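Keep the sequence and the 3D view open as you read.

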Amino acid sequence: MKKALIILIAALLILLASCNDSLQGVLQAAHNATEEDKPNSAYLGTNGSSLIIIREGDVYSASDSSTGEVKYTKLLDITNQASGSRDFPFMAYGEHLYMATNTVTEAYPDGTFRFYRIRISDIQSFKDANSDNQITPADIPDSYKSSNRVTISGEKISGDNIVEFNATNNTPGKTQVLYKVEGERRSDYVDPENPSAVSDHYDDWKNRHYGVIEWTSSTSLNIKNHALVPTNSIIISDGVLKSTTDDPEIEEFKDDVNDIYIWRNGAIHKVYTGTTYYNFPMGSDGSYALLANGELYSIDYTYRSEDYDATLARHSSFTFDPYKREANYVPFFRSGNSIIGYISENGIYWREDITDTSATSSNKSIPRMLGVREDNDIIPLSFIGTNGNTEFLIMTQNNGFYVLQPTAGENGRGKMTRIQEDSGYTISEFL
Amino acid sequence: MKKIIMILIAALLIPSGLVFAAPYYDVGDQFLAITAGPTTPILYNSEGENVIGPGFGERGKITLGGIVSIGYEVFVTNYLAVGGEIGYQFNFARNGNVLTSVPIHVKMTYLPIQGRFELPISFSIGANYLSFEDRAQITFSATVSIGVNFFIDDHWGIGINAGLSILPELYAGDPGKNGIDLDLPTTISAIYRH
C-alpha cells in the first residue's frame, strides 16, 4: 500500500511538469477570456473629413457630429447581398470607394474578377452606384504570365484565374491584396521511355499571390508588383506577411511555418524565422516592431534595387517592467523609437524609447499603460493618424475611436479618451 | 429564556447521544454515492491579484458552474470510510467557452452520526485535469465537505452537502502562470449502502 502511494505521488509530481506551453495558465486563460470578437471591422480610407469603414459587414462613413460624438452613416448594405455574388469594398480614396466583384453579368458570364469604383457621395445602394462606374478586369501581371513554374492554359487570362480575392491593410492611395489563382499546370512528369517528349499532362494547381492594387489612370485599376507567397499567408501590416503553415507544394515554402516576410517590389524576403512568436510587426514603410518568443525586436528595412537590408535589433528591456505579461504585448504602431502596444486583456501600452537601456526605473523603454480601460474590451484595429501633438487616433474593434495620449494623464503615465460627447476631440483633426 | 436554554441543551445532547450510540456500520461495509449540484467560484488568485466571486460577462471572472461525481468508499473502521471519487466540473468563461475540471480523488469520510440520519464529514485529495480551449494541465486539488444524509430504507438514501474546494495550478518553470482557485460546491447525493 505504501509503495503504491509513493509511486502514485511521484507520477503526479512528474505530470505537474508543465503540459501547458501557452503563455497563460489554464485558469488564467479562463478568467482573462474576452467576449467573442465582433464582426469584422476594417478601415478602408478617408473621404474628406470622414473615415470610410467596414463595420459589422457593411460600409459606413464615420464623421464628427455637432454633439461631439462620432456619427455613423451606412453607405452600403453588403451583408444582404444575394448568395453567389460578392462585391467587396477594399479601399476608399479621394471621392471614391473601390470595389472588387465577381458578380455574373451579361458582360462577364463567367464571373471574372474585376474592379470598379463608386463615387461616395452618390452611394445610396448598389443599383444607384453607376454614376462614375469604371470596370476594369483584374489583370494578372505580365511577370506572372512568364513564370517558369506554371503555364496558364487557355486564351483568357485576365481575371478568369483569380478565384479568391481579399484585401487588407489600406493606406491612402494603395491597398495590399492577397489573391488566389487557379488554372492548369504542365506536369513535371517525364516519361522515362521518351524523356525528350514534352509532357501533355496538366495538373490542377492553385497558388496565392500578394500584390498591390494601384491605378495607372483614372479608369484603370490593376494588381501590380505581385509575388508568390505561402498558401496560408496573411497580410498583417504594410508590406508584411506572416505564413502560418508550411506549403509543401511550393519548394521555397516547404518548411515555412510562422515566418515573417517583408514584401517589396514584387519579391518577398524572409526577415524572421520562428515557430513560437506570438505577435507581429506593425509599423510603416521601413520600420517595424516585432514581438517574438517574448522578446521585442525592431526591424529597420531598407530596400535596394536588387536586394534588401533588414536589421533586426533586439530590445527586451523589461528589467523594471512591473507588468509581467510582456509576452502578450503586441507592438501596434511604431514611430521612430516609440512603440504603442497592446497587451491582450490588459490595455494599451506606450514605450517611449525602446533604445533606452538605462538601469533605472525611469527607463523610457518600460511599457507604461495608457489610461484606465473600460469594462468592454478595447481591441485596437487600425491606426488612423496623429494630430501632431503626440496624440494618436485609433479605431477599435467594437468601441469606436480612441485618442491615445502617451505622455498625458496622472503622473504622465498616459491617457486614453474615447471620442464621444464632451471629449474635446474630433476625427477630422487627425486626418 | 429558560425554555430556550433547555431546548438548546437538548439539541446539543441529541447528536451526542447518537455519536456515542452503537455504530451502524461494520468494517467492510460499502457505499456508493452519485453527487451533483452547482459550484460557485469564491476566489481566484493569480500574480498577487484576487478575483472574488462569480461573474456573468464581467472581466476577469468565470460563471457559476456545475459538478457531478461518483464515489465509492469502504469502511475501514466503524466510523471511517476510505475510497475514491471521480468527478466532472464545468464553468463558463466570459467568451462562452467551457473551463473543465476532472478531479480524481482519494476520499475519506468520517460519520460521527450514522444510521437513518447521518452526518458525513469528507476530505478528498488527488489529481485534477484542467482544460480550457487549447490549454490543459494536470494539477492537484482537494475538497472538504459536510453534509446530511437521510436513508429511506436500509440501502437507499439522499443527502445534501456543502464543501470547499481548493485547486492550485502550479508551473515549476513559469511561476507567472500560477494561480489558486477556491470553489464552493453545494450538492445533493443519491447513496446506496451495503
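Predicted model: local features only at pLDDT ≥ 70, side-chain atom pairs only at ≥ 80, totals over all residues.

Residues are numbered from 1 along each chain as its sequence is written, and chains are lettered from A and ligands numbered from 1 in the order in which they are written.

The pLDDT is the predictor's confidence in each residue, from 0 to 100. Chain B averages 88, and 89% of its residues score at least 70. Residues 15-20 of chain B, however, have a pLDDT below 50. For the complex, the predictor gives an ipTM of 0.83 and a pTM of 0.52.

Chain B holds 1 helix and 9 strands. Helices (H or I, at least four residues) and strands (E, at least two) are DSSP runs, numbered from the N terminus. Along the sequence, the pattern is α-β-β-β-β-β-β-β-β-β.

Now for the pairs; two strands pair if DSSP finds at least two bridges between them.

| Strand pair | Sense | Bridges |
|---|---|---|
| S5(B) (residues 98-113) and S6(B) (residues 117-132) | antiparallel | 13 bridges |
| S6(B) and S7(B) (residues 135-151) | antiparallel | 14 bridges |

B:Ile104 has B:Ala127 in S6(B) as its bridge partner, and B:Tyr129 stands opposite B:Ile138 in S7(B). The hairpin of S5(B) and S6(B) has 3 residues between the strands, and B:Gly115 in the turn has a positive phi of about 130°. In the hairpin of S6(B) and S7(B), 2 residues lie between the strands, and B:Glu133 takes a positive phi near 50°.

How values were computed:
Contact = placed C-beta atoms within 7 Å.
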